[in-house]
Amino acid sequence: MGSFNVVNYSLRPSKSVQRQIIFEGVRLLHDHLDLDGQVYVGFGSVWFTDFVLAHKLLGIRDMVSIEADDVGFRRAKFNAPYATVRVVHGRSTTVLPELYKDELITNRPWLIWMDFDYEFDESMKDDIRALIENATENSILIATFNGNEMKYGNAPERPERLRELFGSVVPDELSKKACKDERMQQTLADLSLDFMRSVAAEQRRPGGFVPAFRAIYKDTTPMVTVGGILPAKGAARVASDVVKRESWPCWLSKPIVAPHLTTREAAVLQAQLPRAGKLSRALVQSLGFDLEDDQIEAFEAYYKHYPAFAQVIS
Amino acid sequence: MAAIERKADANPTKAFFVRIITKDISLEDCILDLIDNSVDGAWRCEGSRPIGLQDGTDLSKYSIMIEATPDKFSIIDNCGGMSLDDAVEHAFSFGREATEDHDDYSIGVYGIGMKRAVFKLGGNIRVRSTYDDKGTRSAFAVPINVSKWLSNDKPPWDFDIEEDELLPNNGVEIVVQELTPGAAGAFESPAFLQGLRRTIARDYALHLNRGLRISLNGSEISGWKIELRQSEDFQPMRLEYKDKADNEEVSIEIIGGMAAPPPESNDPEEEADNEKQPHGWYVVCNGRIVLAGDKTAISGWGTDDWPNWHPQYAGFIGIILFTAANAAALPLTTTKRSVDITSDIYRRARPKMREVSTKWIAYTNQRKQAADEAKAKEALAVPVSIYSVAKRATVALPALVSRPAGERLANVHYSVPVSRLKKLAKELGGINMSNREVGLKSFNYTYDDLVGGE
């Protein structure tokens with residue numbers, strides 16, 4: 001069963017914040033790299049939230065959504081938001097090799113977001129390797145996967161499992177501690193980025209791989225988003241300068257855990273921002289309600305990306 | 001017949017020469033060559049003694065720091081430095097190799113290695129050395145701008161040597177900038193750097209275990225702890241003898257036995273993992289591992305009376321150490337990355353290597369008929385460092401009693417997606433469980449459920 005049957009994608013605030021931040025980053029890259037004719041490739045599911053952003057925010061015209069589920073495929077075709085969205089039926093591992101040869105989109109830079117909901121596994125690794133080997137220059141590759149530690153075995157088994165998944169980039173001294181609790185998602189992010197860099201270096205991609213995206217977010221389960229730019233030879237320096245800036249939004253040291261707020265709470269808090277000092281708990285209480293300190297901090301950090309949800313009665 | 005006055009130009013160009021010397025060596029081997037020079041320096045400072053397993057030389061005051069980034073490579077040591085004479089006579093000369101003259105248990109001081117390495121690495125090179133010149137600290141530097149140097153083929157092919165400030169410690173500092181695309185690409189790759197770290201940990205294990213410090217990009221590398229299992233039934237062999245190569249004395253030490261229990265399965269995928277296992281033969285020349293985990297004909301597998309390597313034999317480690325004052329007597333290839341199989345002393349050592357190998361092979365064959373008994377005995381054997389293995393002419397392995405053949409067995413073979421296998425493995429007790437184990441457990445589970453107990 002596809003996860004669209006389990007979760008209404010648009011109702012996950014942390015996911016939504018993360019998505020906004022990533023697209024903001026890609027928009028910045030549009031100012032500096034030659035991304036003309038960029039194609040979006042993703043897993044639009046039946047909601048297509050990322051596709052809408054890709055079109056509205058980045059002006060991307062041609063888009064391809066990969067859908068493995070039979071019923072999901074028919075629903076996705078029905079729900080495709082724009083005339084230029086093509087839905088392709090199959091698993092990414094079988095669909096991607098077809099897309100590399102697709103005359104319509106080959107030789108154009110891709111923005112590909114492999115937004116998985118399950119854990120990093122062997123087939124995901126194969127997809128990422130093949131993408132790095134095949135992507136046109138100036139493509140941007142982003143992958144999201146489940147970072148829940150239990151998906152990678154019990155604590156003592158995890159270092160070996162990671163070695164199996166990421167191969168030679170895993171340090172010999174990787175400890176059990178590095179594979180526990182919040183450290184696990186950091187470890188997964190580091191190893192998957194090291195893996196991507198190594199594949200690009202092994203293959204001697206002229207512009208290499210510039211790591212650019214590293215975000216962990218949590219609605220119910222911790223998810224890891226990583227990725228980077230596969231620049232043209234001459235663009236590597238520019239790309240790496242952009243992502244090294246202090247203001248680059250997509251390299252997050254702390255996980256995004258957006259609080260679940262009512263529309264009213266969010267609106268009242270937002271009206272206090274931006275402000276010189278920090279939002280305090282006392283201030284929230286003075287506004288007539290209450291939140292935990294970490295919820296207040298998280299809202300202040302991400303209020304610009306905080307989604308507004310409302311039930312539409314039809 | 002009248003001679004034509006013009007002559008065909010047969011003089012080599014520098015570019016041709018550089019291409020030839022750098023073509024057939026890997027980047028990793030080049031870096032190891034530079035480390036060899038540093039290690040030899042440290043060994044010289046310690047009085048150039050034979051480097052066997054027994055020797056207790058403490059190398060903890062020596063360090064080799066390597067930085068490898070896409071922009072710059074550097075190696076800095078405090079291992080005594082190279083003298084101006086060494087630089088003038090050997091280190092930067094082509095064709096005046098003097099390794100044979102050295103009588104100091106080195107593995108080739110300033111041979112072709114350093115030049116080859118720096119040319120392979122990049123185009124802007126600066127080699128600095130500070131050394132003890134009869135009681136006074138002296139320093140010099142050799143700057144090399146490769147494209148400028150290549151632009152003039154006229155002899156003599158020399159490099160300028162300039163005066164330099166003293167380094168903080170006596171030693172050598174090599175900085176290479178304007179890296180070649182190959183070097184820059186490799187240093188960009190975390191996988192290459194991890195691989196290099198692993199190779200250093202393994203090939204310099206004997207030095208690192210004596211305290212030598214080697215760091216790569218700021219983090220120190222710890223030496224591989226080589227251990228063999230020992231118990232009443234399992235006793236590794238440890239043999240020492242002396243031989244002669246062209247009147248040069250060579251000391252030889254052979255150690256071999258069980259490093260880990262043999263594998264349970266011959267599954268092709270697990271066999272692939274097996275290849276990465278550190279098992280097989282190791283050849284050590286003057287302290288440096290030059291051949292690691294060899295499973296090929298070089299160490300004898302697949303030659304007369306000695307079967308090809310098979311994953312069934314995993315678990316075995318054999319180490320043969322050659323030590324000689326003169327590196328020329330060692331069975332070493334010029335790249336220092338393998339063994340010269342035509343060497344007489346090596347040929348004479350091979351039957352001794354074969355003896356321990358074939359005993360292990362026989363044990364793993366016998367073991368298939370008495371797996372439970374074997375496993376119980378193997379479990380009792382504890383890892384012992386190779387330094388503390390007692391002398392013993394032959395390996396001891398348990399004699400197993402084979403069970404009479406029982407019921408006929410059926411083999412079951414099927415393929416499933418890896419993701420499903422992993423999920424089932426996790427539920428059956430461990431995500432890293434072998435495919436074979438998952439198959440057996442799921443068979444037994446279904447059998448108990450549908451057929452019931454016997």
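Two residues are in contact if their C-beta atoms, placed from the backbone, lie within 7 Å. The legends below use contact in that sense and describe a predicted model.

Figure 1. By the contact criterion, residues 24 or more positions apart account for 70% of the contacts in chain A with a separation of 6 or more. Chain A holds 11 helices and seven strands. Its radius of gyration is 20 Å, close to the 20 Å that the globule rule gives for 314 residues, so chain A is as compact as a globular protein of that length. Along the principal axes, the C-alpha atoms of chain A fill a box of roughly 60 × 50 × 40 Å. Of the 314 residues in chain A, 42% are buried.

**Figure 2. Overall fold of chain B.** Chain B contains 13 helices and 15 strands. The box filled by its C-alpha atoms, taken along the principal axes, is roughly 95 × 65 × 50 Å. Buried residues make up 39% of the 454 residues in chain B. Among contacts in chain B with a separation of 6 or more, 73% are between residues 24 or more positions apart.

**Figure 3. The side of chain A that touches chain B.** Here 19 residues of chain A are in contact with 16 residues of chain B. Three elements of chain A, namely α5 (122-134), α6 (158-166) and α7 (181-202), each give two or more residues to this side. The largest share, five residues, comes from α7(A). By class, the side of chain A that touches chain B comprises four nonpolar, five polar and 10 charged residues.

**Figure 4. Packing of helices α4 and α5 in chain A.** Two packed helices are described by the angle between their axes and the distance between the axes. The axes of α4(A), residues 92-100, and α5(A) come within 10 Å and cross at roughly 10°. With angles under 35 degrees counted as roughly parallel, this crossing makes α4(A) roughly parallel to α5(A). From α4(A), the contact is made by Ser92(A), Thr93(A), Leu96(A) and Tyr100(A). The partners on α5(A) are Ser123(A), Asp126(A), Asp127(A), Ala130(A), Leu131(A) and Asn134(A). By class, this contact has four nonpolar, four polar and two charged residues.

Figure 5. In soluble globular proteins, nonpolar side chains tend to be buried together. Leaving aside neighbours within four places in sequence, Ile132(A) is in contact with Leu141(A), Met196(A), Val199(A), Ala200(A), Gln203(A), Phe209(A) and Leu230(A).

Figure 6. Not counting residues up to four places away in sequence, Ala324(B) touches Glu248(B), Glu249(B), Val250(B), Asn286(B), Ala329(B) and Leu330(B). Ala324(B) and Glu249(B) are 75 residues apart in sequence, and their C-alpha atoms are 6.4 Å apart in space.

Figure 7. Most residues other than glycine have a negative phi, and most peptide bonds are trans. Arg204(A), a residue other than glycine, has a positive phi, near 55°. The loop between α7 and β6 (210-218) of chain A holds Arg204(A), which is partly exposed, with 14 other C-beta atoms within 10 Å. Asp246(B), likewise not a glycine, has a positive phi of about 45°. This residue lies in the loop between β10 (237-245) and β11 (248-258) of chain B. With 10 other C-beta atoms within 10 Å, Asp246(B) is exposed. In chain A, the peptide bond from Leu273(A) to Pro274(A) is cis, with omega near -10°. Pro274(A) is found in the loop between α9 (263-270) and α10 (281-286) of chain A.

**Figure 8. Pro50(B) and its loop in chain B.** Pro50(B) belongs to the loop between α2 (27-45) and β1 (63-68) of chain B. Pro50(B) is partly exposed, with 16 other C-beta atoms within 10 Å. Pro50(B) and Ala374(B) are 324 residues apart along the chain, with 39 Å between their C-alpha atoms.

Key. Residues numbered from 1 in each chain as written. Chains lettered and ligands numbered in written order. Predicted model: local features only at pLDDT ≥ 70, side-chain atom pairs only at ≥ 80, totals over all residues. Helix = DSSP H or I, 4+ residues; strand = E, 2+ residues; numbered from the N terminus. Nonpolar A, V, L, I, M, F, W, Y, C, P; charged D, E, K, R; others polar. Buried ≥ 20, exposed ≤ 12 C-beta atoms within 10 Å, placed from the backbone. Axes fitted to C-alpha atoms, helices over the stretch in contact; angles between N-to-C directions. Parallel < 35°, antiparallel > 145°, perpendicular 65-115°, else oblique. Rg over C-alpha atoms; globule rule 2.2 N^0.38 Å.
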